[in-house]
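Dear colleague,

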Amino acid sequence: MPKTIEEINAKIRERKAVVFTAEEIIPYVEEKGPKKTADSVDVVTTGTFSPMCSSGAFLNVGHTAPRMKIQKAWLNGVAAYGGIAACDIYLGAAQIHDEDVANKIYPGRFEYGGGHVIEDLISGKDVLLRATSYGTDCYPRKELETYIRLKDLNQAFLMNPRNCYQNYNVAVNCSSRVIYTYLGVLQPNMGNMNFSSAGQLSPLLNDPFLRTIGIGTRIFLGGNIGYVVWEGTQHNPTVERNGFGVPVEGAGTIAVIGDMKAMNARYVKGVSMLGYGVSLAIGIGIPIPILDEEMVRFVSIRDEDIVAPVIDYSDPYPNRRSEIIAHVNYRDLRNGVVEVLEKQVQAASLSSYPMAREIAHTLKEWVEKGMFFLSERVCALPGADSGQAFKPLEIRKERGDLR
Amino acid sequence: MKRVVSKNILLHYPKEHTEKPIISNLIKRYDLTVNISRARIGQDEEGTMVIEISGKKDDLDAGLNYLRDIGLSYKPISMIVQRVDDKCTHCSACTVVCPSGALVIENRASMEVIFKQDKCIGCGLCIPACPYSAMVMSE
(Lines give C-alpha, C1' and ligand atoms only; values in the text may rest on other atoms or scores of the structure.)
Protein backbone atom coordinates (compact mmCIF):
# COMPACT_ATOMS: atom_id res chain seq x y z
CA MET A 1 0.00 0.00 0.00
CA PRO A 2 1.45 3.38 -0.95
CA LYS A 3 2.03 5.73 2.00
CA THR A 4 1.66 9.51 2.21
CA ILE A 5 4.08 11.90 3.89
CA GLU A 6 1.29 12.76 6.31
CA GLU A 7 1.02 9.09 7.34
CA ILE A 8 4.79 8.87 7.77
CA ASN A 9 4.76 12.01 9.94
CA ALA A 10 2.01 10.50 12.10
CA LYS A 11 4.31 7.52 12.72
CA ILE A 12 7.24 9.85 13.49
CA ARG A 13 5.05 11.65 16.02
CA GLU A 14 4.33 8.31 17.72
CA ARG A 15 8.03 7.43 17.46
CA LYS A 16 7.11 4.38 15.45
CA ALA A 17 8.68 5.33 12.14
CA VAL A 18 11.04 2.73 10.67
CA VAL A 19 14.14 4.49 9.44
CA PHE A 20 17.24 3.21 7.65
CA THR A 21 20.23 5.02 6.24
CA ALA A 22 20.82 4.80 2.48
CA GLU A 23 23.65 2.39 3.26
CA GLU A 24 21.70 0.16 5.64
CA ILE A 25 18.73 -0.14 3.28
CA ILE A 26 20.75 -1.91 0.58
CA PRO A 27 21.16 -5.33 2.30
CA TYR A 28 17.64 -4.98 3.75
CA VAL A 29 16.06 -4.68 0.30
CA GLU A 30 18.21 -7.53 -0.98
CA GLU A 31 16.89 -9.73 1.83
CA LYS A 32 13.24 -8.65 2.04
CA GLY A 33 12.54 -7.54 -1.51
CA PRO A 34 11.05 -4.23 -2.66
CA LYS A 35 7.42 -4.96 -1.76
CA LYS A 36 8.04 -5.90 1.85
CA THR A 37 10.49 -2.99 2.20
CA ALA A 38 7.92 -0.53 0.87
CA ASP A 39 5.42 -1.80 3.45
CA SER A 40 7.77 -1.84 6.43
CA VAL A 41 10.18 1.08 5.93
CA ASP A 42 9.07 4.72 6.22
CA VAL A 43 12.16 6.84 5.71
CA VAL A 44 15.66 6.43 4.28
CA THR A 45 18.22 9.04 5.32
CA THR A 46 21.08 10.23 3.13
CA GLY A 47 24.16 12.34 3.78
CA THR A 48 27.04 14.15 2.16
CA PHE A 49 29.96 16.23 3.39
CA SER A 50 32.08 17.86 0.76
CA PRO A 51 33.63 21.15 -0.35
CA MET A 52 30.82 22.98 -2.12
CA CYS A 53 31.51 26.31 -3.73
CA SER A 54 28.46 28.43 -4.45
CA SER A 55 27.80 28.75 -0.75
CA GLY A 56 27.62 31.87 1.37
CA ALA A 57 25.96 33.75 4.17
CA PHE A 58 23.53 36.65 4.45
CA LEU A 59 24.24 38.68 7.57
CA ASN A 60 22.32 41.59 9.05
CA VAL A 61 24.75 43.27 11.42
CA GLY A 62 22.36 45.89 12.83
CA HIS A 63 22.56 49.69 12.68
CA THR A 64 25.36 51.71 14.22
CA ALA A 65 24.91 55.19 15.73
CA PRO A 66 25.22 57.26 13.61
CA ARG A 67 23.82 55.00 10.90
CA MET A 68 25.76 53.75 7.92
CA LYS A 69 24.81 52.50 4.46
CA ILE A 70 27.52 49.88 4.06
CA GLN A 71 28.95 50.01 0.55
CA LYS A 72 32.04 47.87 0.88
CA ALA A 73 32.67 45.43 3.70
CA TRP A 74 35.36 43.03 4.88
CA LEU A 75 35.13 40.30 7.48
CA ASN A 76 38.56 39.38 8.86
CA GLY A 77 39.98 40.89 5.67
CA VAL A 78 37.72 38.90 3.35
CA ALA A 79 35.50 41.06 1.14
CA ALA A 80 31.75 40.67 1.51
CA TYR A 81 29.13 42.15 -0.82
CA GLY A 82 27.44 45.27 0.53
CA GLY A 83 25.23 46.24 -2.36
CA ILE A 84 22.06 44.82 -0.87
CA ALA A 85 20.93 47.29 1.79
CA ALA A 86 22.34 49.48 4.56
CA CYS A 87 23.48 46.76 6.92
CA ASP A 88 22.85 43.52 5.03
CA ILE A 89 25.93 41.86 3.61
CA TYR A 90 26.56 38.63 1.71
CA LEU A 91 29.75 36.74 2.32
CA GLY A 92 30.71 34.25 -0.39
CA ALA A 93 32.49 31.05 0.62
CA ALA A 94 34.95 31.22 -2.29
CA GLN A 95 36.11 34.80 -1.60
CA ILE A 96 39.84 34.87 -0.83
CA HIS A 97 41.49 37.24 1.67
CA ASP A 98 42.26 40.64 0.10
CA GLU A 99 45.94 40.28 0.95
CA ASP A 100 46.29 36.69 -0.22
CA VAL A 101 49.15 36.39 -2.74
CA ALA A 102 46.97 33.80 -4.48
CA ASN A 103 48.89 31.96 -7.19
CA LYS A 104 51.62 34.57 -7.49
CA ILE A 105 53.55 32.14 -5.35
CA TYR A 106 52.47 28.95 -7.05
CA PRO A 107 50.74 26.88 -5.88
CA GLY A 108 48.94 29.32 -3.57
CA ARG A 109 48.04 28.07 -0.09
CA PHE A 110 44.78 30.04 0.30
CA GLU A 111 44.81 29.59 4.05
CA TYR A 112 41.88 31.86 4.90
CA GLY A 113 38.79 33.00 3.02
CA GLY A 114 35.02 33.31 3.07
CA GLY A 115 34.45 29.69 4.08
CA HIS A 116 36.77 30.11 7.05
CA VAL A 117 34.98 33.28 8.19
CA ILE A 118 31.68 31.37 8.10
CA GLU A 119 33.26 28.57 10.16
CA ASP A 120 34.69 31.10 12.65
CA LEU A 121 31.29 32.80 13.05
CA ILE A 122 29.55 29.47 13.66
CA SER A 123 32.30 28.52 16.15
CA GLY A 124 31.32 31.64 18.15
CA LYS A 125 34.54 33.52 17.42
CA ASP A 126 34.68 37.31 17.18
CA VAL A 127 35.19 38.48 13.60
CA LEU A 128 36.47 41.93 12.59
CA LEU A 129 34.03 43.86 10.39
CA ARG A 130 35.47 46.75 8.44
CA ALA A 131 33.23 48.80 6.15
CA THR A 132 33.32 51.95 4.07
CA SER A 133 30.66 54.13 2.52
CA TYR A 134 30.06 57.49 0.86
CA GLY A 135 27.61 58.86 3.44
CA THR A 136 24.06 60.11 2.93
CA ASP A 137 21.78 62.43 4.88
CA CYS A 138 20.06 59.48 6.50
CA TYR A 139 23.19 57.28 6.74
CA PRO A 140 26.07 59.68 7.49
CA ARG A 141 28.79 57.27 8.71
CA LYS A 142 31.56 56.66 6.20
CA GLU A 143 33.81 54.26 8.05
CA LEU A 144 33.33 51.42 10.46
CA GLU A 145 35.58 49.00 12.30
CA THR A 146 34.13 46.70 14.94
CA TYR A 147 34.20 43.13 16.17
CA ILE A 148 31.03 41.18 15.62
CA ARG A 149 29.87 37.74 16.69
CA LEU A 150 27.15 35.49 15.41
CA LYS A 151 24.83 35.62 18.42
CA ASP A 152 24.66 39.43 18.26
CA LEU A 153 23.63 39.57 14.61
CA ASN A 154 19.96 40.05 13.77
CA GLN A 155 19.90 37.42 11.07
CA ALA A 156 22.61 35.13 9.81
CA PHE A 157 21.64 32.44 7.38
CA LEU A 158 23.53 30.34 4.93
CA MET A 159 22.04 30.73 1.48
CA ASN A 160 23.85 28.37 -0.81
CA PRO A 161 22.90 28.75 -4.48
CA ARG A 162 24.32 25.36 -5.42
CA ASN A 163 24.91 22.34 -3.21
CA CYS A 164 24.45 18.60 -3.31
CA TYR A 165 25.62 17.92 -6.87
CA GLN A 166 23.93 14.78 -8.09
CA ASN A 167 27.05 12.90 -9.25
CA TYR A 168 30.22 14.65 -10.44
CA ASN A 169 33.39 14.38 -12.50
CA VAL A 170 36.35 12.24 -11.54
CA ALA A 171 39.48 14.30 -12.17
CA VAL A 172 42.78 13.06 -13.61
CA ASN A 173 45.80 14.79 -15.05
CA CYS A 174 47.20 13.49 -18.34
CA SER A 175 49.93 16.13 -18.64
CA SER A 176 53.52 15.80 -17.48
CA ARG A 177 53.36 18.30 -14.61
CA VAL A 178 51.53 18.38 -11.28
CA ILE A 179 48.30 20.38 -11.45
CA TYR A 180 46.29 21.92 -8.61
CA THR A 181 42.53 21.92 -9.02
CA TYR A 182 39.31 22.29 -7.06
CA LEU A 183 39.37 18.50 -7.02
CA GLY A 184 42.75 18.45 -5.28
CA VAL A 185 46.33 17.80 -6.32
CA LEU A 186 46.56 15.76 -9.51
CA GLN A 187 49.82 13.96 -10.22
CA PRO A 188 51.16 13.81 -13.81
CA ASN A 189 50.46 11.00 -16.26
CA MET A 190 47.28 9.99 -14.48
CA GLY A 191 49.20 9.41 -11.25
CA ASN A 192 45.98 9.64 -9.26
CA MET A 193 42.26 10.36 -9.64
CA ASN A 194 40.12 12.42 -7.31
CA PHE A 195 36.37 12.30 -6.96
CA SER A 196 33.81 14.06 -4.79
CA SER A 197 30.54 12.30 -4.09
CA ALA A 198 29.09 10.25 -1.28
CA GLY A 199 27.86 7.78 -3.94
CA GLN A 200 25.18 5.49 -2.52
CA LEU A 201 24.75 7.82 0.50
CA SER A 202 24.46 10.97 -1.61
CA PRO A 203 21.06 12.72 -1.25
CA LEU A 204 20.12 13.40 -4.87
CA LEU A 205 21.37 10.02 -6.09
CA ASN A 206 18.77 8.37 -3.85
CA ASP A 207 15.93 10.25 -5.51
CA PRO A 208 17.35 10.44 -9.04
CA PHE A 209 14.25 12.02 -10.64
CA LEU A 210 13.65 14.33 -7.65
CA ARG A 211 10.25 12.84 -7.08
CA THR A 212 10.17 13.86 -3.41
CA ILE A 213 12.90 16.53 -3.17
CA GLY A 214 11.69 19.98 -4.21
CA ILE A 215 11.10 23.50 -2.98
CA GLY A 216 10.25 23.38 0.72
CA THR A 217 11.90 20.05 1.49
CA ARG A 218 13.15 20.05 5.08
CA ILE A 219 16.74 18.83 5.35
CA PHE A 220 19.75 18.44 7.65
CA LEU A 221 21.99 21.43 6.95
CA GLY A 222 25.20 22.09 8.84
CA GLY A 223 24.09 20.26 11.97
CA ASN A 224 20.57 21.63 12.18
CA ILE A 225 17.41 22.03 10.11
CA GLY A 226 17.49 23.72 6.73
CA TYR A 227 15.33 23.85 3.63
CA VAL A 228 15.57 23.42 -0.12
CA VAL A 229 14.55 26.79 -1.60
CA TRP A 230 15.08 26.47 -5.33
CA GLU A 231 16.81 24.46 -8.01
CA GLY A 232 20.54 24.94 -7.60
CA THR A 233 22.57 26.90 -10.10
CA GLN A 234 23.76 24.71 -12.99
CA HIS A 235 20.85 22.33 -12.30
CA ASN A 236 20.98 19.99 -15.28
CA PRO A 237 18.27 17.34 -15.06
CA THR A 238 18.28 16.27 -18.71
CA VAL A 239 21.67 14.53 -18.81
CA GLU A 240 22.06 10.91 -19.87
CA ARG A 241 21.01 8.36 -17.27
CA ASN A 242 21.90 4.71 -16.81
CA GLY A 243 19.51 1.78 -16.39
CA PHE A 244 18.90 2.73 -12.75
CA GLY A 245 17.78 6.23 -13.72
CA VAL A 246 20.99 7.61 -12.25
CA PRO A 247 22.68 10.45 -14.16
CA VAL A 248 26.08 9.41 -15.53
CA GLU A 249 27.58 12.85 -14.90
CA GLY A 250 26.94 15.99 -12.82
CA ALA A 251 23.18 16.64 -13.01
CA GLY A 252 20.70 17.97 -10.46
CA THR A 253 21.61 20.55 -7.81
CA ILE A 254 19.67 22.33 -5.06
CA ALA A 255 19.78 25.76 -3.45
CA VAL A 256 19.51 25.51 0.33
CA ILE A 257 18.95 27.82 3.27
CA GLY A 258 19.43 27.49 7.02
CA ASP A 259 19.97 29.46 10.23
CA MET A 260 23.69 29.77 10.99
CA LYS A 261 22.99 30.43 14.67
CA ALA A 262 21.70 26.90 15.05
CA MET A 263 24.51 25.25 13.09
CA ASN A 264 27.40 23.18 14.39
CA ALA A 265 30.92 23.98 13.13
CA ARG A 266 31.62 20.24 12.93
CA TYR A 267 29.49 20.24 9.78
CA VAL A 268 30.52 23.65 8.38
CA LYS A 269 34.22 23.94 7.61
CA GLY A 270 36.36 26.38 5.66
CA VAL A 271 38.36 24.68 2.95
CA SER A 272 41.76 25.57 1.43
CA MET A 273 42.44 23.99 -1.93
CA LEU A 274 46.13 24.19 -2.79
CA GLY A 275 46.69 26.25 -5.95
CA TYR A 276 42.95 26.81 -6.37
CA GLY A 277 41.33 28.85 -3.62
CA VAL A 278 38.99 28.66 -0.69
CA SER A 279 35.59 27.07 -0.30
CA LEU A 280 33.22 25.70 2.29
CA ALA A 281 32.53 22.10 3.18
CA ILE A 282 29.06 21.56 4.50
CA GLY A 283 27.13 18.59 5.75
CA ILE A 284 23.75 17.96 4.17
CA GLY A 285 21.34 15.12 4.75
CA ILE A 286 17.97 14.64 3.08
CA PRO A 287 15.29 12.22 4.26
CA ILE A 288 13.67 10.22 1.49
CA PRO A 289 10.08 9.13 2.21
CA ILE A 290 9.43 5.54 1.19
CA LEU A 291 6.04 6.15 -0.40
CA ASP A 292 5.97 3.03 -2.55
CA GLU A 293 8.04 0.39 -4.33
CA GLU A 294 9.44 2.89 -6.80
CA MET A 295 11.05 4.84 -3.95
CA VAL A 296 12.49 1.58 -2.61
CA ARG A 297 14.08 0.98 -5.99
CA PHE A 298 15.59 4.47 -5.93
CA VAL A 299 17.08 4.25 -2.44
CA SER A 300 18.49 0.76 -2.92
CA ILE A 301 21.02 2.13 -5.40
CA ARG A 302 24.53 0.82 -4.69
CA ASP A 303 27.95 2.34 -5.33
CA GLU A 304 28.52 -0.13 -8.17
CA ASP A 305 25.33 1.11 -9.90
CA ILE A 306 26.53 4.71 -10.03
CA VAL A 307 29.09 5.69 -12.65
CA ALA A 308 30.98 8.95 -13.08
CA PRO A 309 32.97 10.33 -15.99
CA VAL A 310 36.77 10.52 -15.81
CA ILE A 311 37.89 13.89 -17.13
CA ASP A 312 41.40 15.20 -17.86
CA TYR A 313 41.79 18.45 -15.91
CA SER A 314 45.11 19.38 -17.54
CA ASP A 315 43.81 20.54 -20.90
CA PRO A 316 40.32 19.34 -21.98
CA TYR A 317 38.57 20.56 -18.82
CA PRO A 318 40.10 24.07 -18.65
CA ASN A 319 39.35 24.53 -22.33
CA ARG A 320 35.80 23.22 -21.92
CA ARG A 321 36.18 20.25 -24.21
CA SER A 322 33.86 17.52 -23.02
CA GLU A 323 36.15 14.57 -23.55
CA ILE A 324 35.34 11.63 -21.32
CA ILE A 325 38.25 9.23 -20.86
CA ALA A 326 36.18 6.51 -19.23
CA HIS A 327 33.30 5.87 -16.88
CA VAL A 328 34.10 4.38 -13.49
CA ASN A 329 31.82 3.32 -10.67
CA TYR A 330 31.89 4.41 -7.05
CA ARG A 331 32.54 0.93 -5.66
CA ASP A 332 35.84 0.84 -7.54
CA LEU A 333 36.61 4.45 -6.64
CA ARG A 334 36.02 3.77 -2.97
CA ASN A 335 38.19 0.65 -3.15
CA GLY A 336 41.07 3.02 -3.84
CA VAL A 337 42.46 1.69 -7.12
CA VAL A 338 40.72 1.92 -10.48
CA GLU A 339 41.88 0.63 -13.85
CA VAL A 340 41.66 3.28 -16.57
CA LEU A 341 43.27 2.95 -20.01
CA GLU A 342 45.05 -0.21 -18.80
CA LYS A 343 46.61 1.66 -15.90
CA GLN A 344 45.96 1.06 -12.21
CA VAL A 345 45.24 4.50 -10.81
CA GLN A 346 45.02 5.40 -7.11
CA ALA A 347 41.71 7.10 -6.26
CA ALA A 348 40.97 9.54 -3.44
CA SER A 349 37.88 11.42 -2.39
CA LEU A 350 37.39 15.07 -1.55
CA SER A 351 34.02 14.18 -0.10
CA SER A 352 34.16 12.52 3.31
CA TYR A 353 32.34 9.19 3.38
CA PRO A 354 32.62 8.79 7.19
CA MET A 355 31.06 12.24 7.66
CA ALA A 356 28.32 11.44 5.13
CA ARG A 357 27.56 8.29 7.10
CA GLU A 358 27.54 10.22 10.38
CA ILE A 359 25.06 12.74 8.94
CA ALA A 360 22.75 10.01 7.63
CA HIS A 361 22.84 8.36 11.08
CA THR A 362 22.20 11.65 12.88
CA LEU A 363 19.23 12.41 10.68
CA LYS A 364 17.96 8.88 11.21
CA GLU A 365 18.14 9.43 14.97
CA TRP A 366 16.27 12.73 14.71
CA VAL A 367 13.45 11.08 12.75
CA GLU A 368 13.30 8.08 15.08
CA LYS A 369 13.14 10.32 18.16
CA GLY A 370 10.32 12.41 16.70
CA MET A 371 12.52 15.51 16.39
CA PHE A 372 12.40 15.82 12.61
CA PHE A 373 9.31 15.65 10.42
CA LEU A 374 9.22 15.24 6.67
CA SER A 375 7.81 18.05 4.58
CA GLU A 376 5.72 17.82 1.47
CA ARG A 377 7.47 19.74 -1.26
CA VAL A 378 5.71 22.95 -2.27
CA CYS A 379 6.81 22.78 -5.87
CA ALA A 380 8.82 20.32 -7.99
CA LEU A 381 12.22 21.20 -9.42
CA PRO A 382 12.74 21.04 -13.20
CA GLY A 383 12.93 17.34 -14.04
CA ALA A 384 14.30 14.96 -16.65
CA ASP A 385 11.53 15.93 -19.09
CA SER A 386 11.86 19.72 -18.56
CA GLY A 387 14.18 20.26 -21.50
CA GLN A 388 16.38 22.33 -19.23
CA ALA A 389 20.12 21.97 -19.80
CA PHE A 390 23.28 23.53 -18.37
CA LYS A 391 24.36 26.01 -21.02
CA PRO A 392 27.87 27.31 -21.62
CA LEU A 393 28.71 30.98 -22.12
CA GLU A 394 29.68 31.76 -25.70
CA ILE A 395 31.69 34.97 -25.83
CA ARG A 396 30.39 37.57 -28.26
CA LYS A 397 31.83 41.02 -28.91
CA GLU A 398 28.80 42.60 -30.53
CA ARG A 399 25.37 43.28 -29.13
CA GLY A 400 22.79 40.91 -30.52
CA ASP A 401 19.75 42.96 -29.49
CA LEU A 402 20.38 45.90 -31.84
CA ARG A 403 19.44 45.86 -35.48
CA MET B 1 87.93 8.19 11.39
CA LYS B 2 85.32 10.84 11.00
CA ARG B 3 81.81 10.18 12.20
CA VAL B 4 79.17 9.19 9.68
CA VAL B 5 76.31 11.67 9.56
CA SER B 6 73.02 11.35 7.77
CA LYS B 7 70.32 13.67 6.55
CA ASN B 8 66.78 13.16 5.30
CA ILE B 9 65.93 15.47 2.46
CA LEU B 10 63.07 16.13 0.10
CA LEU B 11 64.48 16.67 -3.39
CA HIS B 12 62.61 18.48 -6.09
CA TYR B 13 63.54 17.47 -9.62
CA PRO B 14 62.82 19.96 -12.40
CA LYS B 15 61.90 18.39 -15.75
CA GLU B 16 65.34 18.95 -17.32
CA HIS B 17 67.12 16.92 -14.64
CA THR B 18 65.13 13.73 -14.71
CA GLU B 19 67.42 12.06 -17.24
CA LYS B 20 70.64 12.77 -15.31
CA PRO B 21 72.33 10.17 -13.09
CA ILE B 22 72.27 12.43 -10.05
CA ILE B 23 71.87 9.79 -7.37
CA SER B 24 74.62 7.73 -8.97
CA ASN B 25 76.92 10.77 -8.87
CA LEU B 26 76.20 11.30 -5.18
CA ILE B 27 77.27 7.74 -4.50
CA LYS B 28 80.29 7.48 -6.82
CA ARG B 29 81.78 10.96 -6.64
CA TYR B 30 81.04 11.78 -3.04
CA ASP B 31 81.19 8.35 -1.45
CA LEU B 32 77.74 8.70 0.07
CA THR B 33 75.12 6.10 0.90
CA VAL B 34 71.74 7.03 -0.54
CA ASN B 35 68.59 5.38 0.67
CA ILE B 36 65.59 6.27 -1.46
CA SER B 37 62.46 6.26 0.68
CA ARG B 38 60.20 7.32 -2.11
CA ALA B 39 60.43 8.72 -5.63
CA ARG B 40 57.86 9.99 -8.05
CA ILE B 41 59.68 10.78 -11.27
CA GLY B 42 59.02 9.84 -14.87
CA GLN B 43 60.46 10.60 -18.27
CA ASP B 44 60.11 14.31 -19.08
CA GLU B 45 58.26 15.02 -15.86
CA GLU B 46 59.14 17.05 -12.85
CA GLY B 47 59.20 14.98 -9.73
CA THR B 48 60.02 14.63 -6.05
CA MET B 49 62.20 12.21 -4.16
CA VAL B 50 62.65 11.63 -0.45
CA ILE B 51 66.14 10.31 0.34
CA GLU B 52 68.33 9.63 3.32
CA ILE B 53 71.94 10.51 2.53
CA SER B 54 74.72 9.41 4.84
CA GLY B 55 78.50 9.59 4.81
CA LYS B 56 81.38 11.61 6.27
CA LYS B 57 80.39 15.17 7.09
CA ASP B 58 82.68 16.74 4.46
CA ASP B 59 81.43 14.33 1.80
CA LEU B 60 77.82 15.02 2.76
CA ASP B 61 78.32 18.78 2.55
CA ALA B 62 80.06 18.42 -0.81
CA GLY B 63 77.26 16.22 -2.10
CA LEU B 64 74.62 18.71 -1.03
CA ASN B 65 76.64 21.51 -2.63
CA TYR B 66 76.66 19.49 -5.84
CA LEU B 67 72.85 19.27 -5.77
CA ARG B 68 72.59 23.03 -5.25
CA ASP B 69 75.15 23.75 -7.99
CA ILE B 70 73.28 21.83 -10.64
CA GLY B 71 70.09 23.64 -9.69
CA LEU B 72 68.19 21.05 -7.68
CA SER B 73 66.26 22.41 -4.75
CA TYR B 74 65.92 20.36 -1.60
CA LYS B 75 64.79 20.83 1.94
CA PRO B 76 65.88 18.99 5.03
CA ILE B 77 63.34 16.94 6.90
CA SER B 78 63.88 17.30 10.62
CA MET B 79 60.47 18.22 11.95
CA ILE B 80 57.68 15.76 12.52
CA VAL B 81 54.27 15.84 10.92
CA GLN B 82 51.24 15.47 13.12
CA ARG B 83 47.54 15.28 12.55
CA VAL B 84 45.06 17.47 14.43
CA ASP B 85 42.45 14.75 14.69
CA ASP B 86 39.40 16.93 15.27
CA LYS B 87 40.14 18.85 12.06
CA CYS B 88 40.40 15.73 9.92
CA THR B 89 37.19 14.90 8.06
CA HIS B 90 38.53 11.64 6.59
CA CYS B 91 38.12 12.81 3.02
CA SER B 92 41.32 11.08 1.78
CA ALA B 93 42.78 13.95 -0.30
CA CYS B 94 46.09 13.38 1.56
CA THR B 95 46.37 9.70 0.72
CA VAL B 96 47.38 10.33 -2.88
CA VAL B 97 50.18 12.74 -2.00
CA CYS B 98 51.63 10.80 0.94
CA PRO B 99 54.73 9.07 -0.45
CA SER B 100 55.30 6.62 2.40
CA GLY B 101 51.91 5.09 3.05
CA ALA B 102 51.60 6.85 6.41
CA LEU B 103 48.21 8.27 5.45
CA VAL B 104 46.05 5.42 4.27
CA ILE B 105 42.58 3.98 4.27
CA GLU B 106 42.94 0.40 5.44
CA ASN B 107 39.32 -0.41 6.07
CA ARG B 108 37.33 0.23 2.92
CA ALA B 109 34.07 -0.27 4.81
CA SER B 110 34.73 2.47 7.36
CA MET B 111 36.66 4.66 4.86
CA GLU B 112 38.54 6.27 7.74
CA VAL B 113 41.95 7.74 6.98
CA ILE B 114 44.60 6.42 9.37
CA PHE B 115 47.80 8.31 10.14
CA LYS B 116 50.69 5.98 10.95
CA GLN B 117 53.28 8.16 12.61
CA ASP B 118 55.93 5.44 12.38
CA LYS B 119 55.61 5.30 8.61
CA CYS B 120 55.75 9.09 8.20
CA ILE B 121 59.00 10.33 6.70
CA GLY B 122 58.23 13.96 7.53
CA CYS B 123 58.24 15.23 3.96
CA GLY B 124 55.23 17.48 4.66
CA LEU B 125 53.55 17.02 1.28
CA CYS B 126 50.25 16.33 3.05
CA ILE B 127 50.24 19.70 4.82
CA PRO B 128 49.23 21.96 1.91
CA ALA B 129 47.23 19.15 0.30
CA CYS B 130 44.84 18.88 3.27
CA PRO B 131 41.81 21.09 2.60
CA TYR B 132 41.06 21.35 6.34
CA SER B 133 44.56 22.25 7.60
CA ALA B 134 44.55 19.09 9.71
CA MET B 135 48.21 18.22 9.07
CA VAL B 136 50.84 20.29 10.86
CA MET B 137 54.62 20.29 11.11
CA SER B 138 56.12 20.62 14.56
CA GLU B 139 59.51 20.19 16.26
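This is a predicted model: local features need pLDDT of at least 70, side-chain atom pairs count only at pLDDT 80 or more; totals for chains, interfaces and linings use all residues.

To begin with the contact, chain A contributes 29 residues to it, while chain B contributes 23 residues. On the side of chain A that touches chain B, at least two residues each are supplied by strand 3 (48-51), strand 13 (184-186), strand 19 (268-273), helix 5 (330-335), strand 25 (343-349) and helix 6 (353-368) of chain A. Of these elements, strand 19 of chain A gives the largest share of that side, namely four residues. Sorted by class, the side of chain A that touches chain B is made up of 13 nonpolar, twelve polar and four charged residues.

Turning to the sheet, three strands of chain A form an open sheet with mixed pairing, in the order 1-2-21. Strand 1 (19-21) and strand 21 (287-289) of chain A are its edge strands, each of which pairs on one side only. On average, and with direction ignored, neighbouring strands of this sheet are turned by 25° against each other. Strand 2 (residues 43-45) of chain A pairs with strand 21 of chain A in the antiparallel sense, over three bridges, and Val44(A) stands opposite Ile288(A), which belongs to strand 21 of chain A.

Helix 6 of chain A, which supplies at least two residues of the side that touches chain B, also lies across strand 1, strand 2 and strand 21 of chain A, and runs at about 175° to strand 1 of chain A.

With kind regards

Conventions. Residues are numbered from 1 along each chain as its sequence is written. Chains are lettered from A and ligands numbered from 1 in the order in which they are written. Two residues are in contact if their C-beta atoms, placed from the backbone, lie within 7 Å. Ala, Val, Leu, Ile, Met, Phe, Trp, Tyr, Cys and Pro count as nonpolar, Asp, Glu, Lys and Arg as charged, and the others, Gly among them, as polar. Two strands pair if DSSP finds at least two bridges between them. Axes are lines fitted to C-alpha atoms, for helices over the stretch in contact, and angles run from 0 to 180 degrees between N-to-C directions.
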